[in-house]
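Here are my notes on the model. Please read them with the structure open.

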Amino acid sequence: LRFYLLEIARGLLPDNRIKVCWRYPLPARKSIEIIYSDERGCARSNGTMKCGSGWVCPACMRYISQRRREELETAMSRSKDKYFTVMLTFTARHNRGDGLKDLLAAMVKAYGKTFSGRWWQTMKTELMASGAIRATEITYGANGWHPHFHVIWFVDKAMLDDDIAGSPEEYAQAVLSHVGDQWLTKLESVGLSGNSAAFDVRTANDDIAEYVSKWGHMPADWSSNVSAYEVASATTKKARNGNIGVLDMLFNSERDPHMKHLFLEYYHATKNKSQLHWSKGLKAELDIDIIRDEIAAQGIETETDRLLAEIPIYDWKNIVSNGFLGQVMTYANAGDENRLKWLLERLRDKFP
């Protein structure tokens with residue numbers, strides 16, 4: 001399904017790097033390696049070009065999301081001795097007349113104004129907020145585009161000994177009132193508005209861990225009901241309330257011009273933007289090594305990697321040009337070297 005959607009995206013974005021993604025070998029390559037990781041439970045290709053778009057590429061987003069999820073899990077694990085975590089969600093009132101690019105830009109501006117200036121410097125000290133990771137999620141529903149930010153806050157555990165917050169729940173209430181009011185004020189300053197639903201705080205670490213663990217997973221029921229994506233990863237966790245995500249738009253774009261329009265609007269609004277933002281100094285403090293999306297899209301080596309197949313370039317071109325890339329990778333993701341070998345031989349006989 002990912003590679004079926006990749007073909008649709010390639011047709012909609014002829015001037016984007018997605019047109020070469022997974023199709024063309026890297027320079028000087030004589031073969032393409034199919035590698036399976038027992039640790040990750042999935043396969044990848046070595047030696048093919050990748051577009052590295054975590055926003056719109058159905059193939060690359062899997063590997064990018066996988067890497068980002070591991071980075072978040074590592075950050076939360078390494079922070080436990082010193083910090084507890086809460087998750088804040090920011091959104092704004094929206095309707096079908098709002099363009100995504102302008103709406104997203106205004107929300108980013110409001111977010112920046114919320115966490116700057118004298119008010120925030122004082123509040124940051126009082127709340128002992130030592131760092132944050134912000135993820136951007138975008139879906140589309142009955143009221144139009146619905147961009148929102150999920151932000152994991154790392155809070156000094158000393159706060160729990162303070163008079164302000166004897167427990168994470170009390171801390172959440174303090175954040176809800178102080179930061180929530182400020183967010184609504186800053187929304188108005190950029191021409192947007194919101195109500196109590198525009199800001200939320202989760203306190204349970206288990207909830208946040210579940211959110212992080214779902215980063216990058218495909219919904220299980222896609223074969224029968226292509227449903228939306230909510231995410232932790234902006235593109236790949238199942239959406240709520242009937243909202244749809246970018247892959248739903250792609251899936252329906254060939255028979256629904258409105259879905260095609262939405263996908264292209266989404267693409268232009270997210271182009272050259274990051275899905276994750278780490279606050280200054282947090283990566284260094286937790287010793288997290290962040291690699292570029294283009295590198296993450298290649299897949300990350302593990303100690304359990306094993307070579308399933310080495311496919312000559314001319315065979316690879318036959319596989320791609322005849323539309324069997326998705327089937328080859330489906331077999332590869334089963335991790336069975338013999339089954340993949342059987343399929344490759346069948347294809348070689350069919351397309352000599």
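1. Trp119, Met123 and Leu127 of helix 4 meet Tyr171, Ala174, Val175, His178, Val179 and Gln182 of helix 5. Contact means heavy atoms within 4.5 Å. By class, this contact has seven nonpolar, two polar and no charged residues. Ala, Val, Leu, Ile, Met, Phe, Trp, Tyr, Cys and Pro count as nonpolar, Asp, Glu, Lys and Arg as charged, and the others, Gly among them, as polar.

2. This is a predicted model: local features need pLDDT of at least 70, side-chain atom pairs count only at pLDDT 80 or more, and totals for chains, interfaces and linings use all residues. Residues are numbered from 1 along each chain as its sequence is written, and side-chain values use heavy atoms, with hydrogens and water left out.

3. Two packed helices are described by the angle between their axes and the distance between the axes.

4. The protein has 13 helices and eight strands. These are DSSP runs: helices are H or I, at least four residues, and strands are E, at least two, numbered from the N terminus. Among contacts between residues at least 6 apart in sequence, 71% join residues at least 24 apart.

5. Of the 352 residues, 53% are buried. Buried means under 20% relative accessible area, exposed over 50%, partly exposed in between (1.4 Å probe, protein chains only). The largest nonpolar core has 96 residues; Trp22, Ile34, Phe90, Trp153, Tyr171 and Trp183 touch the most other members. A second, separate core of 15 residues includes Leu72, Tyr83, Ile133 and Leu276. Such a core is a set of buried Ala, Val, Leu, Ile, Met, Phe, Trp, Tyr and Cys residues joined through side-chain atoms within 4.5 Å.

6. Is aspartate 305 buried or partly exposed? Aspartate 305 counts as partly exposed, because its relative accessibility is 24%. Aspartate 305 lies in strand 8 (residues 305-312). Not counting residues up to four places away in sequence, aspartate 305 touches Ile35, Tyr36, Ser37, Arg44 and Ile300. Tyrosine 36 is 269 residues from aspartate 305 in sequence, yet 5.5 Å away in space, C-alpha to C-alpha.

7. Threonine 136 sits in strand 4 (residues 129-141). At 6% relative accessibility, threonine 136 counts as buried.
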